[in-house]
Amino acid sequence: MSDLPPPLPPDEPRLAALETWLQVQLLYVREARAALQRQAAIQARTAPPPPPPYRIQRGLTAERTPVKVHLGDCALAKKGIGCDEHDARRAIVEGVEACAVCRPDSELGMLD
């Protein structure tokens, strides 16, 4: 295969037609890229935020004391309060039970 471009037509009318065709193709490409960028922007705006790394589940009593620590994506604590690694670790150290399903204590490296 040669690196040379294909031969161009020798006369002005065919060169003008070729130039027009290339300009139209370039417009199609630019419109397609703009549409993809608009679609990506919409998806970025409408995507749900990522779950917090950990969640603390509160009890049903009036005091709402913490009862369990979960990983952020655990199905058992969807309404738990989001927290970071430090708060989850502190809660487990203070005696709050770690979820037996998602095992945040193992994720935090706190197994006995």
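This note sets out numbered points on the fold, core, cysteines and backbone of a predicted model.

1. Overall dimensions. The protein has 112 residues and a radius of gyration of 30 Å, whereas a compact globule of that length would have a value near 13 Å. Taken along the principal axes, the C-alpha atoms fill a box of roughly 85 × 35 × 20 Å. Of the 112 residues, 20% count as buried. Among contacts between residues at least 6 apart in sequence, 44% join residues at least 24 apart.

2. Secondary structure. The model contains three helices and four strands. Read from the N terminus, these elements follow the order α-β-β-β-α-β-α.

3. The sheet. The four strands form an open sheet with mixed pairing, in the order E3-E1-E2-E4. Its edges are strand E3 (81–83) and E4, each of which pairs on one side only. E1 and E3 run antiparallel and are joined by three bridges. Within E3, Cys83 is the residue that stands opposite Tyr54. As a general point, strands of a sheet pair through backbone hydrogen bonds, either parallel or antiparallel.

4. Helix against sheet. Helix H2 lies across E1, E2, E3 and E4. Its direction makes an angle of about 45° with that of E1.

5. The nonpolar core. The largest nonpolar core comprises 14 residues, and Tyr54, Val69 and Ala88 have the most contacts inside it. At least two core residues come from each of strand E1 (54–58), strand E2 (66–71) and helix H2 (85–93). H2 gives the largest share, three residues.

6. Surroundings of Val69. Leaving aside residues up to four places away in sequence, Val69 touches Arg55, Ala88, Ala91, Ile92, Val96, Glu97, Ala98, Cys99 and Pro104. Among these partners, Ala88 is also listed with Val69 for the most contacts inside the core.

7. Cysteines. How many disulfides does the model contain? The count comes to zero. A disulfide requires two cysteine sulfur atoms within 2.5 Å. Cys74 is in no disulfide, because its nearest cysteine sulfur, that of Cys102, is 3.7 Å away and the cut-off is 2.5 Å. Cys102 is likewise in no disulfide, and the nearest cysteine sulfur to it, that of Cys99, is 3.7 Å away. Are these two residues buried or exposed? Cys74 has a relative accessibility of 6% and therefore counts as buried. Cys102 also counts as buried, at 16% relative accessibility.

8. Positive phi at Arg64. Most residues other than glycine have a negative phi. Arg64, which is not a glycine, has a positive phi near 55°. This residue is found in the loop between E1 and E2. Its relative accessible area is 41%, so Arg64 is partly exposed.

9. Positive phi at Arg103. Where does Arg103 lie? Arg103 is in the loop between strand E4 (97–98) and helix H3 (104–107). Its phi is positive, at about 55°, although Arg103 is not a glycine. With a relative accessibility of 35%, Arg103 counts as partly exposed.

How values were computed: Residues are numbered from 1 along each chain as its sequence is written. This is a predicted model: local features need pLDDT of at least 70, side-chain atom pairs count only at pLDDT 80 or more; totals for chains, interfaces and linings use all residues. Side-chain values use heavy atoms; hydrogens and water are left out. A nonpolar core is a set of buried Ala, Val, Leu, Ile, Met, Phe, Trp, Tyr and Cys residues joined through side-chain atoms within 4.5 Å. Buried means under 20% relative accessible area, exposed over 50%, partly exposed in between (1.4 Å probe, protein chains only). Contact means heavy atoms within 4.5 Å. Two strands pair if DSSP finds at least two bridges between them. Axes are lines fitted to C-alpha atoms, for helices over the stretch in contact, and angles run from 0 to 180 degrees between N-to-C directions. The radius of gyration is taken over C-alpha atoms; the globule rule is 2.2 Å times the number of residues to the power 0.38.
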